[in-house]
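Thank you all for coming. I would like to take a few minutes to walk through one structure, beginning with a detail of its backbone and then moving to its ligand.

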Amino acid sequence: MIPPTEGGGRGHGRPAGEPGLARAAELIRDARRIVVVTGAGVSAESGVPTFRGREGLWRDHRPEDLATPAAFHRDPRLVWEWYEWRRSLVGECSPNPAHRALAELQVRKEADILTQNVDGLHALALERVGADGVVEARLLELHGSLFRLRCTACSWETSSREPVDASSEATLPHCPECGALARPGVVWFGEALDRGVLEEAFRLASSADTCLVVGTSAVVQPAASLPLATARAGGVVVEVNPEPTPLTNLAAVSLRGSAGEVLPRLLEG
Ligand code: BJW
Ligand code: ZN
């Protein structure tokens, strides 16, 4: 059961009990172009920690000590150690029913996924759905990937799941092109998102008639503005989150519940 909620705003919000679920399912069924904006909550049921909240990564670590260019400049070994811990944790995790339901939506309705997550689980779910032929839908990883490395000095980058030895600065990965230190291929606070990826994300969000937002606290910009782009262009927003967020009042329907429980029911058939 999905517990009731105050529902969404814009004058036509619905409570998230069964009527809310039915209304949201109808919106998705009737949609012609869907974008899905996801955050850490989608991967919570796979065992990947979220950032904010009681169990979140920021409870024990200050973002400015670990997820900024200044932090890496100050202590690359410490930052790599934290990222290596997360890479090995995520390496053990598998897609959950929420990832699978979204991968099926990508195949069935060509829904595009714009994710803030760096864990690679949406891509893995899409592979496992076993889509025959070409999948037209896009998956944009707005904040990069834990499994990419890039050079701090030149444009070299690569995909790698090899463990990183963060026991000393000398053993950290270095660029094969220019010898400079390599860094995790993620987007830290104060850094610009890849321009092409960001432009494409806003183009997709503003040309969609439905934006499904799942498992994000919707406080980190510019990703948090993607659902606004859909709404401004006349589309509807449907939210799935156990907690209210700054987007709840914008949503036509806001369903309170976990992604792994709600999405398979919302997106079935
Ligand atoms: C469940 C669930 C379940 C639980 N089912 N749900 C405008 C205004 C104000 C500030 C800014 C602004 N523009 C830029 C800024 C600054 C900053 C920012 O937004 N700060 C705010 C926090 C105040 N933004 C930036 O710095 C960005 N850069 C930028 O804009 O640069 C401009 C620039 C231009 C030109 C030149 C130079 C600069 C970059 C942001 C990068 C964010 N990076 C991180 C780390 C990535 C790498 C890593 O993983 O280590 O990205 S921070 C972290 O937050 C991570 C996430 O992707 C991101 C969003 O978090 P998310 O996914 O929402 O997770 P949580 O934990 O917050 O929420 C989980 C949710 O799930 C909760 O709601 C739960 O209820 C829910 N949940 N269980 C469903 N089972
Ligand atoms: Zn280099």
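Predicted model: local features only at pLDDT ≥ 70, side-chain atom pairs only at ≥ 80, totals over all residues.

Let me start with Ala-218, which is placed in the loop between β7 and α9, where helices are DSSP runs of H or I of at least four residues and strands are E runs of at least two, both numbered from the N terminus. Residues are numbered from 1 along each chain as its sequence is written, chains are lettered from A and ligands numbered from 1 in the order in which they are written, and side-chain values use heavy atoms, with hydrogens and water left out.

Back to Ala-218, then: its phi is near 55°, a positive value in a residue other than glycine. Ala-218 counts as buried because its relative accessible area is 9%, and here buried means under 20% relative accessible area, exposed over 50%, and partly exposed in between, with a 1.4 Å probe and protein chains only. Pro-222 lies in the loop between β7 (210–214) and α9 (226–232), and the peptide bond leading from Gln-221 to Pro-222 is cis, with omega near 5°.

Glu-110 also has a positive phi, of about 55°, although it is not a glycine. Glu-110 sits in the loop between α6 (97–109) and β2 (112–115), and because its relative accessibility is 36%, it counts as partly exposed.

Now to the ligand. How many residues surround ligand 1? There are 33, and the closest are Arg-52, Tyr-83, Arg-86, Thr-216 and Ser-217, where a residue is near a molecule or strand if one of its heavy atoms lies within 4 Å of it. By class, this shell has 16 nonpolar, twelve polar and five charged residues; Ala, Val, Leu, Ile, Met, Phe, Trp, Tyr, Cys and Pro count as nonpolar, Asp, Glu, Lys and Arg as charged, and the others, Gly among them, as polar. Helices α2 (41–44) and α5 (76–91) each supply at least two residues of that shell.

As for individual polar atom pairs, an oxygen atom of ligand 1 lies 2.5 Å from an N or O atom in the side chain of Tyr-83, and an oxygen atom of the ligand is 2.8 Å from a polar backbone atom of Ala-40. A nitrogen atom of ligand 1, in turn, is 3.0 Å from a polar backbone atom of Val-187; a polar contact is a pair of N or O atoms within 3.5 Å, and within protein one must be able to donate a hydrogen and the other to accept it, while residues adjacent in sequence count only if both atoms are side-chain atoms. Taken alone, ligand 1 exposes 1,500 Å², and the protein buries 72% of that, with accessible areas coming from the Shrake-Rupley method with a 1.4 Å probe and, for residues, only the protein chains shown counting as cover.

Finally, a few pairs that are separated along the chain. Val-42 lies in helix α2 and counts as buried because its relative accessibility is 0%; its C-alpha atom is 5.2 Å from that of Gly-215, 173 residues apart along the chain.

Ala-231, in helix α9, is buried, with a relative accessible area of 11%, and the C-alpha atoms of Ala-231 and Ser-206, 25 residues apart along the chain, are separated by 7.8 Å. Leu-204 is found in helix α8, residues 195–207, and is buried at a relative accessible area of 4%, while its C-alpha atom is 9.0 Å from that of Leu-226, 22 residues apart along the chain.
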